[in-house]
Amino acid sequence: MLISEDLTCQELVELVTEYLEGTLRPKDRDRFEQHVVLCDGCAYYLDQMRTMIALTDSLTEESITPEARESLLHVFREWKSG
């Protein structure tokens with residue numbers, strides 16, 4: 001989907017990390033922000049990324065139950081071997 005100039009939803013997804021880290025060039029940041037204002041799907045995606053970052057910042061190894069830790073390790077091992 002093309003919303004703002006030549007910035008597509010796919011490109012926004014690819015730029016979201018740089019945007020959240022504040023490393024986008026001013027022109028790209030402006031295009032990104034204009035797209036988010038006009039595209040509800042991308043606005044929702046950006047909000048979800050911010051929420052995920054906030055939640056993972058508060059996650060510590062001690063806050064994970066041993067069962068959850070083992071489950072996560074299993075998933076990562078399967079993913080890596082696949």
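Helices α2 and α3 pack at an angle of about 110 degrees, and their axes are 5 Å apart. That makes the two helices roughly perpendicular to each other, a label that covers 65 to 115 degrees, with angles under 35 degrees counting as roughly parallel, over 145 as roughly antiparallel and the rest as oblique. The axes here are lines fitted to C-alpha atoms over the stretch in contact, and angles run from 0 to 180 degrees between N-to-C directions.

A quick word on the ground rules. This is a predicted model, in which local features need pLDDT of at least 70 and side-chain atom pairs count only at pLDDT 80 or more, while totals for chains, interfaces and linings use all residues. Residues are numbered from 1 along each chain as its sequence is written, and side-chain values use heavy atoms, with hydrogens and water left out.

Back to the packing. On the α2 side, F32, H35, V36 and L38 make the contact (heavy atoms within 4.5 Å), and they meet D40, C42, A43 and L46 of α3. Sorted by class, that contact has 6 nonpolar, 1 polar and 1 charged residues. The helices themselves are DSSP runs (H or I, at least four residues), numbered from the N terminus.

Now for the core. The largest nonpolar core has 13 residues, and L12, F32 and L46 touch the most other members. Such a core is a set of buried Ala, Val, Leu, Ile, Met, Phe, Trp, Tyr and Cys residues joined through side-chain atoms within 4.5 Å. Helices α1 (9-21), α2 and α3 (40-57) each supply at least two of its residues, and α1 gives the largest share, 5 residues. Setting aside neighbours within four places in sequence, L12 is in contact with L7, F32, H35, V36, C42 and Y45.

There is 1 aromatic pair in the structure. The ring centres of Y19 and F32 are 4.1 Å apart and the planes sit at 15 degrees, so the pair is stacked. For the cut-offs, rings of Phe, Tyr and Trp (its six-membered ring) pair if their centres lie within 6.5 Å, and planes under 30 degrees apart count as stacked, over 60 as edge-to-face and the rest as tilted. The pair ties together distant parts of the chain, with Y19 in helix α1 and F32 in helix α2, 13 residues apart.

How buried are some of these residues? Buried means under 20% relative accessible area, exposed over 50%, and partly exposed in between (1.4 Å probe, protein chains only).

| Residue | Relative accessible area |
|---|---|
| F32 | 0%, buried |
| D28 | 13%, buried |
| Y19 | 16%, buried |
| M49 | 17%, buried |

M49 lies in helix α3 and, leaving aside neighbours within four places in sequence, is in contact with V16 and L20. The C-alpha atoms of M49 and T17 are separated by 8.9 Å, though the two are 32 residues apart along the chain. D28 is found in helix α2 (residues 26-38); its C-alpha atom and that of E78, 50 residues apart along the chain, are separated by 37 Å.

Notes:
Ala, Val, Leu, Ile, Met, Phe, Trp, Tyr, Cys and Pro count as nonpolar, Asp, Glu, Lys and Arg as charged, and the others, Gly among them, as polar.
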